[in-house]
Each structure stands twice: as C-alpha cells, then as structure tokens.
Amino acid sequence: MNKIPNYIKHITSLFLLVVLFNVVFRLIFYFFLVDLSNASTSEIQKAFLLGIRFDFKLASIAIFPLALLILIVNQKFYKRTIYKKICTLYSITIAIVLSIFYLMDFGYYDYLSIRLDAASLRFLEDLKISSQVLFESYPVFKGLLGLLLFAFLVYKLSSYLYRKFKQNNNLYYSKKKKAFYFTGTFLILAFSIYNSFTHYPLRWSEAFFSKNNTVNQFALNPVLYFFDSFAFRSEAVNMDEFNKYYSVIAKDLNLPKDKVSFERKVTFPDSLKTQPNVVIVMLESVGVKPLSYYGNPINSSPKMDSLIPKSLSFTNFYVHKSGTAASVFASVTGLPDIDDVNTASRNPMIIDQRILFDQFKGYKKLYFLGGSANWANIRGIFQANINGLQIFEEGSYETENRADVWGIDDYELFKETDKELKKLHIKKKPFVAYIQTASNHIPFTVPNKKESYQPLQDNEISNKLLQKSGFKSIEQLNALRYLDFNVGRFLERAKSSGYYDNTVFVFFGDHNTMMNRSENYTNEHDLNINLQHVPFFIHAPKYVKPNEVKRNGKLIDLFPTVMSLIKMNYTNYTLGRDLLDTTNYINHSSFVYLKMKGEPTVGLLQDSLYYSKTNISKTKGLYNLNANELKDLKDKYPLKAQQMDSLLAAYYHATKYLYFNNKKSSK
C-alpha cells in the first residue's frame, strides 16, 4: 500500500465515503420508509444489490470532477493551498446536495410512494404553497440545523484527509507509473459509472424487475432517477398518429367518420320545467379503497356509507391521473391530463378550451376553495373558460380561520359555501358550484373537536386493524373521517338553508390517498392503478333514483352525465360522454395515465380487463383484475389486446389533438 501514491489513496477514500454515504441513506429508506413485507427475500436481496450498483455509479459521478483534478496535478495537489480549498468546498457541496436530494426523496416517497423524479418539479410552480406544506409537515428548521452541523463535520473530515495524505508526499514516481495510476483510476471510475459487463450500461429500467412496484422503488437511487426521468417529457400532437386512430375514437364516441369533428349536440325534447342547482364536490384524496362502504375494515366513512346507497353511484369510476391539479383540469375541461412532468393546468397554450361548465345558461357559476386559486394555475383553468364565474378563495370569506397551508379547513369551507348558496336560493337564482376540499391532504390538519367529530387516538385502533385497512397512519384515517363528517354536515346545512331538494349534489374523489398494500384491491395496487379508482356518486332524491352503475366511467364523463341527467341541452366538444347513455355509446372504458416501471404509461379498463402500454419502451400487458393471480393475457387474447391497444392510442392522440384544437376561438 505504501507504494500507492497518496493522491490515489485520497481519491479512493473519497469514493468509498460517498458510497458509504449513499448506502446509509438506502438503509434508512429500507428500515423506516419502504414496506417490503409482501416481497420475497430473494427480491429484496436482488433489489438491494442492484441498488448498491446504482449507489456506486452515483459515487463515481459525484467525485469524478475532483478526482480528475487530483489525477492531473497528482502530487502538486498537496503543495498549494488553493487545492485544499477546492477539495473542501467541493466535498461539502456534494455532501449537502446529495443530502437534500435524499431528504426530498424521503418526503416525496412518503407522500406518493414513488422515488423522486422530474415530475416533482411541478411543485416549484407553486413554490409558496409547496414551501408551506413542507414547513407544516416536516421539521424543516431542525433539518437545516442538522445540515449545517453535517457540513461542519464534512469540513473537518475533508481537512483531516487532506492533512493525512499530505504527509509522506515526497516519494518519487516516474511518468510511467503516474500514467499507469492515472489510466487505472480513470478506468475504474468510468467502469463504476458504466457499471455493466454487457453492451449496455446500468440503467434505471433495470430496477423495475419485479411485479411488486415497492421492490422496484427500493432498488432505485433517487438522485440518478431524478435526472434520468427528464427523458419523459411531454410531446406535441403527432398528426400522423392522430389521423391513424381517428376512426377508432370516432366509432367509440359516435363521431362523424368523413371529417374530423368532436362536436356532438345533445338536446332533450322533455327538458325539465325547473332549473335544478348543481353542486360538484371534489373529495380530496378519496379513493374507493379507504371507504368502509367499499369494504375497508375500519368504519372510516359512516356519512358517505349512508349516502351512497341513496344515490346514483358508479363503482368502476377512474380519474385519469393521480394528482389534484390533474383532476381539476380533467373534470372542468373534459380532457385528460397527460402531461409527463408538469400538469396540463400549468400549460398556458392549452388552458383555453370549449367546455361544458360554461354552458349553464342563466346559472350563477361559482368556485369555492379554502386556499388560493393561483395554486397550479387553477385560476387560469376556471377564468379562461367560464364566463361570469365567481371565485371564492382565501380573502373572500366572512370568517377565515386559516388551518394550514391549504387555507381554511373543510368545515369552514362548507359553512361559508352554504352562506353564499343560501343567498342565491333566497333570490331564486339557480347555481352551479364547484367545491374543492383539502383537509384530507397532508399535513392532515384536523381539530381536536368539532361538534360531533373527534379524532381517534392511537389506542382506539389496533396496529393490526390499521395495517389490514391499508391506512399508513392514524392521522391519515382521521383526515378522511373529518372530510366524511363535513360532507354529512354540509347536506344538513343545505336542508336547513332550503336548497337541498332542488339541488343535484355530485361527489367524486380527485385521486386515492396513498395506502399500503392490503387484502382489498390488491391487483389494482400491484398494477399501480389504485390511485385512480375513486368514488363517484350523484345525490338528488328529487331527480335521481338510487342505483349502482357498474360500467366503466372516467372523470371527463362527469359534466356530460350530470347535464344529461338534469336534461339540459348542450354541445359537447370534449372526450367525455354521458355514462347513462347506452344507446349512443355501447362500449364504456376508463382511460388512465400513470407511471409503470419508471415510464409514462397509458392504460385502458373495460369491465374486469386492464390493458397498459408504456410510452417509451412500448411494453404492453393485458390483465384480469378479478383474477387471483395477475398474469399477462395479451398472448392468450391477442385480438382483445389489439382492440384495446387501438382504443388506448386513439384516446391518447385525440387528447393531444384537442389540447390545441378545441379552443373557443376556433368556433
């Protein structure tokens, strides 16, 4: 070892320290964040070893610039003070940057159960709100203090290593030996980056070897994956592909075959004599899995449990993409959000759309939320497309007791909404209102007591029952219970205020909350579509008979279904359809957009079948959601797979087309 130059030992020490640093964070992730209880030992071992390879790769990339400098100047590295300063500053920078990435990854995974990727940059679009969520959910100041302390420790360690290897640095090495060490070290670091004996380097896609997505997430290195995922960015409309599949979407939506047109006029000869009010309630982070009505073993939603049987409900209803902004965009515009990195609501080129919300003639149009409408450019979605819309947000209400980053909580939001709707009822002015709830969202702020609501304590729910339910924490459960309480309380207020009987109440979940794998909806969890499966029910005893509709539905069908139900004439320019119309629409499907094995993926659901295709590698699969064991059936049923593939492509390219060709100016 004494014959090895000190500067080579220095590079080796730095490399191994960064590897150790990466491995420590991997172990923290393993012991405290990821749930691998349903994974086999062999899968965990493979994921861990694969993850170590990613960690080695990151370590090589991280120290490569400094290592190259040391190799070039070799023994002179210890003779000039400037090199010590460069080494120390570089070491501290690498340590802090990697620490921030890992800490952000922990929070991101805790929120969405996926590793940090380029899509996380969408939170920077609303930096103020995202910062508030961060500060209210995590001990940020303690974390910053910890980072400063860590930076000091890195400074001391870097100085120690420099002093250590500066000693005995006067040994003579020939140019031949220096060239040997330069080439050897360079090749070792380069190989650590390539990290493979095959023709192809180590890539993020190798992490997705298991059907258990949690195992795959464990294998990834979030720093590398963050930069790799920049390849998945949205693209413009491909007119060749759109024209290729237009006949497919035309058949599915009963459109003209001889020309490109999505316009469908819907008229009712027996229109209602009265104009019923419409109130649309977006239930934040509510899927079917956490609701006791749909089989959750915890009595999590007693109010909605009693409400759904008295309503028109749709049991196979899916939102297109997991994310509140994506669901607000889809529900309002009638187009799925298929943007890869940001949300479609943030794209100024596509927010101008011809939508159904704007066609409520003679109605007062309102939008209620507890926080600011500037969030995710939601204000632009509503104001750009809905004439005469009145937005109620923070600063608009008579009473404002800010609960957290999302503004006033759902109790106050529903109470203030009721005041405005009561005023319109007294004036006999029909209204259509969109209410966006938020309390069932981290940081899960709920009161210690609110009328009959009280949060459950840790000793009131056993760990076994909580685990069986799929809830990740008692706080998550209490937030859903609080939203459920407020839904019931809102309807009580509507009755007292007098507009209940003449109002159609529409409830839908914007996406499911992130839950652990459990006995319910296991196949959906394994296919990563459990976040899209949400409740959708319409409650209006005067206008709607209770019924359970099992055919597939999707979020863009919301407005066509509601407007048809109240027999309002409208012109539909969107991809949505009336879910109750079995004459013009024979096949009913759900279209979803998600990530599978790290890639943007489109999926189609028809009855019990789910077909998916990744956008980059074009990996395809056909699965039966009711099967005891998930098996790829595309080779067994090639015709069905091909039919679903064509319809899936048709929806995807039609969405891209309408983003830019459904503007009001194109009338």
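A polar contact here is a pair of N or O atoms within 3.5 Å, and within protein one must be able to donate a hydrogen and the other to accept it. Keep that in mind for the first view, and note that everything below comes from a predicted model.

**View 1. Histidine 441 and the residues around it.** At 2.8 Å, the side chains of histidine 441 and tyrosine 111 make a polar contact. Tyr111 is one of the residues that histidine 441 touches once those up to four places away in sequence are set aside; the others are Glu284, Ser285 and Trp406. Buried or exposed, then, for histidine 441? Its relative accessible area is 8%, so histidine 441 counts as buried, the cut-off being under 20%. An unreviewed UniProt entry puts a "binding site" feature at His441.

**View 2. Phenylalanine 382 in the largest nonpolar core.** This core is made up of 94 residues, and Phe382 is among those with the most contacts inside it, along with Ile249, Phe262, Tyr434, Ile538 and Leu575. Helix H18 (residues 638-661) is the biggest contributor to this core, supplying 12 residues. Zooming in on phenylalanine 382, we find it touching Val328, Val332, Phe357, Tyr367, Leu389 and Tyr434, with residues up to four places away in sequence not counted. Another core, of 59 residues, lies apart from this one and includes Leu50, Leu66, Phe77 and Tyr108.

**View 3. Helix H2 and its bend.** Helix H2 covers residues 41-73, 33 residues in total, and at 1.5 Å a residue it should span 48 Å; the end C-alpha atoms are 47 Å apart, so the two agree. Still, H2 bends by about 50° at phenylalanine 64, with proline 65 following within four residues.

**View 4. Serine 196 in its loop.** Look between helix H6 (175-194) and helix H7 (213-219) for the loop that holds serine 196. With a relative accessible area of 10%, serine 196 is buried. Its contacts, leaving out neighbours within four places in sequence, are Arg53, Phe191, Pro201 and Leu202.

View 5. The unreviewed UniProt entry lists "transmembrane region" at residues 12-34, 54-74, 86-104, 140-158 and 179-197. Residues 12-34 are 91% helix and 0% strand, and their end C-alpha atoms lie 31 Å apart. For residues 86-104 the figures are 100% helix and 0% strand, with 27 Å between the end C-alpha atoms.

Conventions: Residues are numbered from 1 along each chain as its sequence is written. This is a predicted model: local features need pLDDT of at least 70, side-chain atom pairs count only at pLDDT 80 or more; totals for chains, interfaces and linings use all residues. Side-chain values use heavy atoms; hydrogens and water are left out. A nonpolar core is a set of buried Ala, Val, Leu, Ile, Met, Phe, Trp, Tyr and Cys residues joined through side-chain atoms within 4.5 Å. Buried means under 20% relative accessible area, exposed over 50%, partly exposed in between (1.4 Å probe, protein chains only). Helices (H or I, at least four residues) and strands (E, at least two) are DSSP runs, numbered from the N terminus. Contact means heavy atoms within 4.5 Å. The expected span of a helix is 1.5 Å times one less than its number of residues. The bend at a residue is the angle between axes fitted to the seven residues ending there and the seven starting there. UniProt positions are given in the numbering used here, feature names are shortened, and annotations may be inferred rather than shown by experiment.
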